[in-house]
Amino acid sequence: MIKINNLHKSFGEFKVLNGVDLTVEENKILTIIGKSGTGKSVLLKNIIGLLEPDSGTIEIDGIDATGFNEEEFNKLIRPKMALVFQESALWDSMTVAANIDLALQIQKHLGEAERKKRIKESLESVGLKDIENVYPDELSGGMLKRAAIARAIAMRPKYLLYDEPTTGLDPVLSNVINNLIKKINVEMGITSLIISHDIQGVEKISDYTAMLFEGKIIVTCGAKKMWEQKNQIFNDFIRGKIT
Amino acid sequence: MNLTVHIEKIGRQTKSVIEGYGRLSIMLFHAFASIRKFHLYFGQIIEQFIYIGRRSLPIVIITSIFIGLALGVQIGTQMSPLTPAWLEGGLILRSILLEMGPIIIGLILSGRVAAGIAAELGTMKVTEQIDALRSFAIDPVEYLVMPRLVAAMFAVPALLVFADFFGILAGFVSSYFTINLNWAGFVKGMHHSFYVSDVFASLIKAFIFGIIIVIFGSYFGFNSRRGARGVGKATTLAVVWASVDVLMLDYVISAIMFFI
């Protein structure tokens, strides 16, 4: 379980997170929605230790990761967590297989046979075949996202964080990615925390959703109960009245 | 009032430069500490050795040849008619060994290698590829900087050997055509002025310049931001600061070697 308490993060004078409280239940999919620039990605980066919070706590499986240095994050937190970046962030000087292989080799210290097996399995689970030797710049947008997801699931993480996985994709591809996220959650039992603007997708795949507004979580509810919420800002946002 | 503003500005800039050197030193220390894991990155070290060493070789040879040719002409035409011609061999040898060779290498590689590293790492930074490494518990300094550092520590002195060889050879050719100095006379001059300590000084300079070039390229690459313009700025800063530091350290090492 990921438990976030009273998390604050500023960049200079600009307060991005202003007391975020959030709990991510195991084996569930939680989607965080909110306007652009409200700090959703900042929240994910705080959880995985790419950014350091100013105050507040982040507990992951009962371990308080607040104040952890890079080495502690690498040892205790990141092996059980992976992040799918908004722009995929595949290492562009390497083939898709090498992208997946690198983390398996350095983080997991797996032997060659096991790594090859994992590369094949993870690419198959995201519906990509015969692209092991292809470079990221030769892939389409949807394939890039799937390759990035393959890289993440090859690590067999307990938690998978997705930063706007469907942004920039057409509705058909968004649907493919959303189905994939659901499949990963159900079949592999991976707890997922998603940042998304895709309200239809949120409703379809999430167990519950939370809205980040002005640095705070203002609503947390079951995804199927989104339309019954009383909060005006939340209602306006999911109906597309504010963006 | 105006003066106070200027002084404050200079103060702020000085502080920023000192802080920058501090952060760069931490990165360098971190990269050195990571050398204990070099066996994990052997492939990258070889790849970087080829990039820094083999691919820089043609430009290093061409530049050294022209520097050697120019030295031959300059020294030959400025020597007094009463000075024995064979002395030119020694002058060319020491000029190239102690100064021209290391400086050429340092400046050429600041332009070619430091710029390349800054652009590559800068692009990785702005496209979140460095954050992706961290998210997978891969230390970016260990993975990206250390292999380049180790490669440069071997590749740059190796390049220097080629630069010195071709520079001296070109110096002889130039002397032959300028003052009609033959090979035997040239070798006599070199033999007369040769000190083993000069070779060490030269190699030490190349070794340190290799470190400077990689660390400045990496530091500015890692700190680039705001898209393509940021990467361009990082590349420029890497070249400028690496070149300046190569020249500063050239003086410092020369002075130390002189006093030793």
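## Two positions in chain A

Glu138(A) sits in the loop between α4 (112-125) and α5 (141-153) of chain A. This is a predicted model. Glu138(A) counts as exposed, because its relative accessibility is 54%, over the 50% cut-off.

Ile119(A) belongs to helix α4 of chain A. Its relative accessible area is 8%, so Ile119(A) is buried. Leaving aside residues up to four places away in sequence, Ile119(A) touches Ala97(A), Ile100(A), Asp101(A), Leu104(A) and Glu132(A). Gly62(A) is 57 residues from Ile119(A) in sequence and 31 Å away in space, C-alpha to C-alpha.

## The interface between chains

Chain A puts 23 residues into the contact and chain B puts in 14. The buried area between them is about 1,800 Å². Carbon and sulfur atoms give 60% of that area.

Seven residue pairs are in polar contact between chain B and chain A, both residues at pLDDT 80 or more. On the side of chain B that touches chain A, helix α5 (residues 129-135) gives the largest share, six residues. By class, that side of chain B has eight nonpolar, three polar and three charged residues.

## Salt bridges across the interface

How many salt bridges join chain B and chain A? The count is two. Lys45(A) pairs with Glu128(B), at 2.5 Å from N to O. Glu70(A) pairs with Arg134(B), with the closest N and O atoms 2.8 Å apart. This second pair runs from helix α2 (residues 70-77) of chain A to helix α5 of chain B. Glu70(A) is partly exposed, at 30% relative accessible area. Arg134(B) counts as buried, at 17%.

## Salt bridges within chains

Over all chains, the whole structure holds 18 salt bridges. One of them joins Lys158(A) and Asp61(A), whose closest N and O atoms are 3.0 Å apart. Lys158(A) is in the loop between α5 and β7 (159-163), and Asp61(A) is in the loop between β4 (55-60) and β5 (63-64), so the pair ties together parts of chain A 97 residues apart in sequence. Lys158(A) is partly exposed at 31% relative accessibility, and Asp61(A) is partly exposed at 27%.

In chain B, Glu142(B) and Lys37(B) form a salt bridge at 3.2 Å, N to O. The pair links helix α6 (residues 140-179) to the loop between α1 (2-33) and α2 (42-52), 105 residues apart. Glu142(B) is buried at 8% relative accessible area; Lys37(B) is partly exposed at 29%. Back in chain A, salt bridges with shared partners join Glu26(A), Asp61(A), Lys80(A) and Lys158(A) into one network.

Notes:
Residues are numbered from 1 along each chain as its sequence is written. Chains are lettered from A and ligands numbered from 1 in the order in which they are written. This is a predicted model: local features need pLDDT of at least 70, side-chain atom pairs count only at pLDDT 80 or more; totals for chains, interfaces and linings use all residues. Side-chain values use heavy atoms; hydrogens and water are left out. Contact means heavy atoms within 4.5 Å. Buried area is the accessible area (1.4 Å probe) that two parts lose on being put together, summed over both. A salt bridge is a side-chain nitrogen of Lys or Arg within 4 Å of a carboxyl oxygen of Asp or Glu. A polar contact is a pair of N or O atoms within 3.5 Å; within protein, one must be able to donate a hydrogen and the other to accept it, and residues adjacent in sequence count only if both atoms are side-chain atoms. Helices (H or I, at least four residues) and strands (E, at least two) are DSSP runs, numbered from the N terminus. Ala, Val, Leu, Ile, Met, Phe, Trp, Tyr, Cys and Pro count as nonpolar, Asp, Glu, Lys and Arg as charged, and the others, Gly among them, as polar. Buried means under 20% relative accessible area, exposed over 50%, partly exposed in between (1.4 Å probe, protein chains only).
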